[in-house]
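This briefing covers a helix pair, a ligand shell and a strand sheet. The structure is shown first, and the points follow by topic.

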Amino acid sequence: MTRSAWYGLKMIMIPDIFKHPTPQQDGAGGRANSWFNDISPLPNSPRRGGEESEYLQYPVIEAIDIEKSYWMGSTVLPVLNGVKIRVEQNEFVAIMGPSGSGKSTLLHILGCLDRPDTGTYHLGGRNVLAATDYELSRIRATQIGFVFQAFNLLPALTVFENVRAPFSYSRINKREARSRVENAVARVGLTHRIHHRPAELSGGELQRAAIARALAIGPKIILADEPTGNLDSKTGFEIMNLFQKLHQEGASIVMISHNHRVAEFAQRVIALMDGRITDK
Ligand SMILES: Nc1ncnc2c1ncn2[C@@H]1O[C@H](COP(=O)(O)OP(=O)(O)O)[C@@H](O)[C@H]1O
Ligand SMILES: [Mg+2]
């Protein structure tokens with residue numbers, strides 16, 4: 001193989017994700033790679049700087065013309081028909097829509113759990129759709145905090161161990177991880193339950209633990225899918241107050257709901273209808 005053919009091949013093999021989208025790449029050396037090694041602090045953290053301040057130039061989420069269909073045997077079910085969504089740093093956005101309108105499908109795509117059929121998606125300025133599955137799993141573990149309706153905590157683990165679990169995919173040392181876990185548990189007001197197991201907790205406490213797990217990694221974005229769906233209205237209200245507090249402290253949040261009263265806690269509400277965003 002000639003030298004130039006080898007360099008050509010090498011260029012093809014380097015995924016876009018490693019390339020910085022702006023001319024700032026000049027002189028960056030190996031820095032683009034270090035993005036995966038870094039667990040970014042929360043936007044309100046005093047440790048902000050370096051790469052973090054670069055990513056602050058970009059919207060946290062920018063997805064354009066997202067299409068997604070599911071195949072049911074030989075019939076195709078179109079779910080997302082060209083969704084466009086942009087979320088700025090420190091925004092709190094609610095996505096509303098009737099059951100079956102594609103809200104969870106969209107959140108899975110935004111959370112890098114699934115890929116769209118077509119469209120573009122940049123997370124903090126990075127083209128994540130160009131990433132390999134392995135790279136996507138690292139993006140999920142270090143950049144995205146998930147909160148689900150059914151809490152999704154591991155029953156055999158304590159609150160501390162559940163909140164620490166995502167750190168097994170990162171290169172943060174044990175002491176630092178411990179301090180981040182304790183800090184996140186304190187922020188959701190659960191320090192007095194930190195060594196309890198899920199079976200010993202109320203619904204509200206379970207969701208607080210799940211929110212602490214999402215927060216602890218210092219995600220670029222918190223994605224919540226009907227986080228109050230399994231809670232009574234009083235507890236749901238407390239959880240929404242907690243999301244509002246985290247937003248005031250600097251978090252960027254996208255939350256799905258089909259409940260108007262819940263969505264009112266967000267700064268901006270967008271509606272998903274027939275696989276499209278129908279306003280804003
Ligand atoms: N993995 C899947 N395979 C086939 N169809 C699916 C799958 N996931 C979701 N769907 C269908 O896609 C549509 C949108 O689902 P979903 O995104 O879960 O809606 P929502 O969260 O708004 O209730 C529904 O009709 C649902 O049945
Ligand atoms: Mg859903």
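Helix α7 (residues 174-187) and helix α8 (residues 203-216) have axes that come within 8 Å and cross at roughly 135°. The model is predicted: local features need pLDDT of at least 70, side-chain atom pairs count only at pLDDT 80 or more, and totals for chains, interfaces and linings use all residues. Residues are numbered from 1 along each chain as its sequence is written, while chains are lettered from A and ligands numbered from 1 in the order in which they are written.

**Helix pair**

- Axes are lines fitted to C-alpha atoms, for helices over the stretch in contact, with angles from 0 to 180 degrees between N-to-C directions.
- Helices (H or I, at least four residues) and strands (E, at least two) are DSSP runs numbered from the N terminus.
- α7 and α8 are therefore oblique to each other (under 35 degrees is roughly parallel, over 145 roughly antiparallel, 65 to 115 roughly perpendicular, the rest oblique).
- The α7 and α8 crossing is right-handed, meaning that the near helix is turned clockwise from the far one by less than a right angle.
- From α7, R180, V181, A184, V185 and R187 meet A212, L215 and A216 of α8 (contact: C-beta atoms, placed from the backbone, within 7 Å).
- Six residues of this contact between α7 and α8 are nonpolar, none is polar and two are charged (Ala, Val, Leu, Ile, Met, Phe, Trp, Tyr, Cys and Pro are nonpolar; Asp, Glu, Lys and Arg charged; the others, Gly among them, polar).

**Ligand shell**

- Around ligand 1 lie Y70, M72, L77, V79, G97, S99, G100, S101, G102, K103, S104 and T105 (C-beta atom, placed from the backbone, within 6 Å).
- Two or more residues of this shell come from each of β1 (61-72), β2 (75-87) and α4 (103-110).
- α4 gives the most to the shell of ligand 1, with three residues.
- The shell around ligand 1 has four nonpolar, seven polar and one charged residues.

**Sheet**

- Four strands form an open sheet in the order β2-β1-β4-β5, with antiparallel pairing (strands pair if DSSP finds at least two bridges between them).
- β2 and β5 (126-127) are the edge strands, each pairing on one side only.
- α4 packs on the sheet and touches β1, β2 and β4 (118-123); the direction of α4 makes about 125° with that of β1.
- β1 and β2 run antiparallel and are joined by 10 bridges.
- The bridge partners in β2 include N81 for E67 and R86 for E62.
- Two residues lie between the strands in the β1 and β2 hairpin, where G73 takes a positive phi near 65°.

Key
Two residues are in contact if their C-beta atoms, placed from the backbone, lie within 7 Å.
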